[in-house]
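Biologist: Could you take me through the way helices, sheets and domains are read from a set of coordinates? I would like the general idea before each case.

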There are 6 protein chains.
Amino acid sequence: MTVRILAVNCNTDAAMTTAIATAGQAAASAGTTVVGVTPAWGPASAEGYVESFVTAAAVMDAVARRTDAFDAVVMAGFGEHGREGMRQLVPQPVVDITEAAAFAACLLGHRFGVVTTVGSTVAGIRDSLMTMGMSARCSSVRAADVPISAIDADVARTADALEETGRAVMVDGADVLVLGCAGFAGLDAELERRLGVPVVDGVAAAVRFAESLIALGKRTSAHGPYAPRAAHKRWTGAPLGSLMSSDSGERTPE
Amino acid sequence: MTVRILAVNCNTDAAMTTAIATAGQAAASAGTTVVGVTPAWGPASAEGYVESFVTAAAVMDAVARRTDAFDAVVMAGFGEHGREGMRQLVPQPVVDITEAAAFAACLLGHRFGVVTTVGSTVAGIRDSLMTMGMSARCSSVRAADVPISAIDADVARTADALEETGRAVMVDGADVLVLGCAGFAGLDAELERRLGVPVVDGVAAAVRFAESLIALGKRTSAHGPYAPRAAHKRWTGAPLGSLMSSDSGERTPE
Amino acid sequence: MTVRILAVNCNTDAAMTTAIATAGQAAASAGTTVVGVTPAWGPASAEGYVESFVTAAAVMDAVARRTDAFDAVVMAGFGEHGREGMRQLVPQPVVDITEAAAFAACLLGHRFGVVTTVGSTVAGIRDSLMTMGMSARCSSVRAADVPISAIDADVARTADALEETGRAVMVDGADVLVLGCAGFAGLDAELERRLGVPVVDGVAAAVRFAESLIALGKRTSAHGPYAPRAAHKRWTGAPLGSLMSSDSGERTPE
Amino acid sequence: MTVRILAVNCNTDAAMTTAIATAGQAAASAGTTVVGVTPAWGPASAEGYVESFVTAAAVMDAVARRTDAFDAVVMAGFGEHGREGMRQLVPQPVVDITEAAAFAACLLGHRFGVVTTVGSTVAGIRDSLMTMGMSARCSSVRAADVPISAIDADVARTADALEETGRAVMVDGADVLVLGCAGFAGLDAELERRLGVPVVDGVAAAVRFAESLIALGKRTSAHGPYAPRAAHKRWTGAPLGSLMSSDSGERTPE
Amino acid sequence: MTVRILAVNCNTDAAMTTAIATAGQAAASAGTTVVGVTPAWGPASAEGYVESFVTAAAVMDAVARRTDAFDAVVMAGFGEHGREGMRQLVPQPVVDITEAAAFAACLLGHRFGVVTTVGSTVAGIRDSLMTMGMSARCSSVRAADVPISAIDADVARTADALEETGRAVMVDGADVLVLGCAGFAGLDAELERRLGVPVVDGVAAAVRFAESLIALGKRTSAHGPYAPRAAHKRWTGAPLGSLMSSDSGERTPE
Amino acid sequence: MTVRILAVNCNTDAAMTTAIATAGQAAASAGTTVVGVTPAWGPASAEGYVESFVTAAAVMDAVARRTDAFDAVVMAGFGEHGREGMRQLVPQPVVDITEAAAFAACLLGHRFGVVTTVGSTVAGIRDSLMTMGMSARCSSVRAADVPISAIDADVARTADALEETGRAVMVDGADVLVLGCAGFAGLDAELERRLGVPVVDGVAAAVRFAESLIALGKRTSAHGPYAPRAAHKRWTGAPLGSLMSSDSGERTPE
């Protein structure tokens, strides 16, 4: 099977998009191409509510502008808003890395904990877990105090910070860890080695789960909250004009 | 006290903004000015997830562009996303009409029901009630099958549809109704007369609650998830460039 | 608008009633008169379950005995029982300071914490938050170990205790504080200054929210659990004979 | 073992007290004496919030006035408020018939439904189940539209109404029924015969559970929310003066 | 009344069965015979998920093999799986010691804590409390690090460990303790003396609650999830062949 | 990648095992071998609590007896107990079809509904969804009144029954359906065609998710509730003697 998955970064940092796509490709099956997508506008990093709501729109804009074919969308912003919008926008399966990581973690342990970047992202991650129904399976969300911009500056130090925060999350009751930032992609193996528990990288999990849905021939429900709407086409303003021409494929507007 | 409240419409329909501002002004204290704000871009109506996430960004953009002084923001989109972002963006109190209506309803009855426009908005309204903690106080959310664009075309018919749906919501266990769209502003009295239960118009309630917070001298917490971030200023792209110059007033970035 | 609000103390300490009424008046709009009401019988302070259930009856008795006109009732006992009874007793809006504080706090921050007097009140406050649906928005309820009788004896010491407990509540995750006793009314500004987060005084918030409901022309639902009952008039015993003559105004008994 | 249990009616109808005590005695072990207690004041029937909060105080008053020895208190008002207060008032075990019925039902089936008297009691019963943690085990609470005053007027008709409502509750998912009024005591066998599912009479269950706690030598916790308070003794007003002399036995005030 | 209660140990340690039966008999009414039952196969101790699911089957097997008459079943494995199966298997009342302890604790205090043996049992106990609806009433479950096999080796040391863990559970908010292992039966009085709060032994509570249900003439619901099934008789394999001949008494298969 | 997945039927019907393995193989990647496993003993079909708890043990026994290598276990009993035990038993990833179906459904729609066989399985399925944290995402679980033994007897009639029940579940609020029985495997495409919404077959989803976890190199957490226990080796009785020799691979007993 040859599949093409868009891995959409939630910020405008092209280097981070490349890192995400590389990590996603490394996790993918042979035959899968992971295409990194960088929003044309939006925050340089998304680490709080303002940025999260802006990137929700920017990411939909970026996908709506695509003229190439793709089989699924991976939303590579941990805890960011917008997955419900993306599901309404395109008919292909949409997998948010927050969901993929939480679900994979639930298959590997009893309760998971999230290790994220900075404190300003914690509330949004909790909200995301709540709306997906995973609050009760999450022991805690803790920040390692590593801003996104500093992750790659000193990877060893980043790993140390994640390890320390991971230990705190385990004390809170987690037997599985979830990496709470797309920028942490690829650090799961190192942390597993240090901590002795499964560590889930949402980008990798999302790529595999997206492949699974594609292989099963599934598409997002066109009945109910994600039904495409003709009204999508009535917009004002250039910035998001792309959404005016969104082709919702075989899904019939309600 | 002379106060100035921005009532931000969540769509680009200027006539609807005028209607919202008028309804808000009618509900306001003497000395309060309610200023309608229309986003410069975004959906003509917000009745689903794609539109809701786009308007969340558009509404923040609209407020960030203001150069005039204001004392509070009323977010006049029922069930729309973004209130947490707005709270992080500006230091003044932010009152979402969904919150205001739910809280007012809880002060007037035991369980409230929401009567909204069309079915595509129901899931988003439920999500909003869940994240604010009001799910257990809400008996049901039902759509009257009146698209926003049709509300004013035949007001009598709109009132009839709301009455019928209101009766269904009461059967579900509600003893108070909430009007689930800013476009319904002003219909509460008529529905109260017909149904014999309190009917809450979120725009009116939000204006009064915003005045209350202003009078009490309160501002959004600058500690925790709504703390302003210096990083807000790092953006790519013109559309939301406004957010680059957002003045978060006396709140110190963390 | 000229409005008259009864602020009902939950204990029989007339000095405390005066303090509550003064604080409520200070928070009120011009044109509003806040009338303090002291129950004719009941506990000298309400700091536990026995006292709370007794005062629930005493406070209804006190309001039922009123022969003057009023526009709303503010129940000035934090966490005390009885708001549902008061809503059934009189047709005017009833605002419990626990509700008002919780709702105001939710408009100002992401999660609130309650700082109350002594440990014996904590469980009742939690119950109150649970039945109003606010448990998930509350990070913790902590006691400052300041009995009601000691609040005014040494205000500086009271403020110190509240500050210390407030810091503990913030560590628990609160970005807004709620003063968990009517006797703390007026201390919010001082604590805001010390702690740097919004501090909500329920008495002040309740007066403003009551004014809001009055201005919006709302009354408690006469349909459902708060419907007045003719059976109210069948009582035995003098103490609460007052309830026999309760005039539930325009609300028709079910 | 010779034990003496106070079965406290929640209204002032002495005939109903006698019926409750008779039903309780019939359910009791040999050696147990069930003593009916009628409050000296309060509502003729408790079928709503006003009455429920008044009777919470009246019932505590009635027990505080007892000069005889007793081993446990059964609170025979289904869904009425006040059990937490009674637990703080006396050191002996306190069993509310709402709790006893719910717990017994959970031992006999998967989900229980409550059949109560009139609609005005439903919300209070739901609140009671929520604070005791039993909401998720209850499929529904439905009223048979039989006021308390009419139960005995035509027992056959009462049984017919309970049967019909019981069938509705079973459709809602219940495999066990709970009789939602102390006045229904004794009708459980007849309804079991008609409906083919276990039917729990809270009075009978509470008497047996009270005996169990006595036999096990247990008393209410004097640590935490039910710790007796010396402050109980500071009261104003004759009506509840009884509480001034409440002897909380071996429990030491905190 | 002469009643016969099967107290089914969840492991194959006959000495522990004797201890459980002895403790149950000590708690029983005159006229009650508590018969200890040891499964014919299964784990030597049940302290984790594998053992818990095996013992669920083994315990049903043991009861299905009984040829003597009995009036109720007490399942004497704290937190072990299988109570729903036992309820479907036999028509007599089934009381799980986890349920009995939780319900008794709720009648004696506001929130209970569980003190169990080793950490590997904690998750299963939490699951059990969740499915019975008691999670919100439980402050915490903590292990004393006393393996079942070590309980009787040094009773004084066991009591010391329980005391220390009990104090931690009280700090977590418990005002009542629950002994989280059938092997702790009989230690409640000693711990009450040390800690000053009620301590509930589930075996004793379950025997008394089983007697209560028998006295009230109740049987498990044969309508709904626990309805006996004719299909029970279609099995493969000798080990559980006993279940093929289970006589579900007067309950008619659905 | 060459992987070998055990697909364990929860009953002793070898024909059903074959059907499950065939469906699983059809859904699998090239390079994956799906090996059907039939328990050596247990129920001919699992459609209720007794059978579910027996099969939990039988399925662990069947896997413990395997002497061949395998990479993951798929538990092919919808709603059956035991996944936590299997996770403790073997170090390889374990995917329950109930989990896989629920998680896949959440990636494809807003709320899912389950269509199962007969009413006696509904409560167990609800319990399973509750312990995995998915209750709030499930609109309803409904039975098509098709016993497992009748599924293949008349496939057209089975499809008709599932369609009718599927429509009822959609009225309850589902926008995605989940097939609530391993025996329904392969009917998802036909139902999607009829109903126009995604229909998830848990067997297919579980095989793909198991492959995903294998590809990501993940194993069940050996820290916490699923840690292997040396005590597993202390058993009495031949039937489950297999568990005595379970090799928990590289996971060190705690």
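The dialogue that follows takes up conventions, sheets, helix pairs and domains in turn.

Biologist: What should I know about the model and its numbering before we start?

Modeller: This is a predicted model, in which local features need pLDDT of at least 70 and side-chain atom pairs count only at pLDDT 80 or more, while totals for chains, interfaces and linings use all residues. Residues are numbered from 1 along each chain as its sequence is written, and chains are lettered from A and ligands numbered from 1 in the order in which they are written.

Biologist: In what order do the strands of the open sheet in chain D lie?

Modeller: The general idea is that strands of a sheet pair through backbone hydrogen bonds, either parallel or antiparallel. Helices (H or I, at least four residues) and strands (E, at least two) are DSSP runs, numbered from the N terminus, and two strands pair if DSSP finds at least two bridges between them. In chain D, four strands make an open sheet with parallel pairing, in the order β2-β1-β4-β5. Its edge strands, each pairing on one side only, are β2 (32–37) and β5 (94–96) of chain D. Strand β1 (residues 3–9) of chain D is paired in the parallel sense with β2(D) over six bridges, and D:Leu6 has D:Val35 in β2(D) as its bridge partner.

Biologist: Which helices pack on that sheet, and which strands do they touch?

Modeller: Contact here is counted between two residues whose C-beta atoms, placed from the backbone, lie within 7 Å; axes are lines fitted to C-alpha atoms, for helices over the stretch in contact, and angles run from 0 to 180 degrees between N-to-C directions. Helix α1 (residues 14–27) of chain D touches β1, β2 and β4 (72–76) of chain D, and its direction makes about 165 degrees with that of β2(D). Helix α8 (residues 202–215) of chain D touches β1, β2, β4 and β5 of chain D, with a direction at about 165 degrees to that of β4(D).

Biologist: How would I read the open sheet of chain C?

Modeller: Begin again with the order, which for these four strands of chain C is β7-β6-β8-β9, with parallel pairing; the edge strands are β7 (138–143) and β9 (199–201) of chain C. Neighbouring strands of this sheet are turned by 25 degrees against each other on average, direction ignored. Five bridges join strand β6 (residues 112–116) of chain C to β7(C) in a parallel run, and C:Gly113 stands opposite C:Ser140 in β7(C). Helix α4 (residues 97–108) of chain C packs on this sheet against β6, β8 (176–180) and β9 of chain C, its direction making about 170 degrees with that of β8(C).

Biologist: At what angle do α2(C) and α2(D) cross?

Modeller: For such pairs, angles under 35 degrees count as roughly parallel, over 145 as roughly antiparallel, 65 to 115 as roughly perpendicular and the rest as oblique. The axes of helix α2 (residues 49–64) of chain C and helix α2 (residues 49–64) of chain D come within 8 Å and cross at roughly 125 degrees, so the two helices are oblique to each other. A crossing is left-handed if the near helix is turned anticlockwise from the far one by less than a right angle, and right-handed if clockwise; α2(C) passes α2(D) in a left-handed crossing. Among the residues that meet are C:Phe53 and C:Met60 in α2(C), with D:Phe53 and D:Met60 in α2(D). By class (Ala, Val, Leu, Ile, Met, Phe, Trp, Tyr, Cys and Pro count as nonpolar, Asp, Glu, Lys and Arg as charged, and the others, Gly among them, as polar), this contact has twelve nonpolar, no polar and no charged residues.

Biologist: Which residues meet where α5(A) and α5(B) are in contact?

Modeller: A:Asp127, A:Met130 and A:Thr131 in α5(A) meet B:Asp127, B:Met130 and B:Thr131 in α5(B), and the classes are two nonpolar, two polar and two charged residues. The crossing of α5(A) and α5(B) is right-handed.

Biologist: Into which domains is chain A divided?

Modeller: Domain bounds come from an automatic or database domain assignment, which divides chain A into domain 1 (3–96 + 206–245) and domain 2 (98–202). Their C-alpha centres lie 22 Å apart, and 17 residues of domain 1 of chain A are in contact with 21 residues of domain 2 of chain A. On the side of domain 1 of chain A that touches domain 2 of chain A, the largest share, four residues, comes from α1(A).
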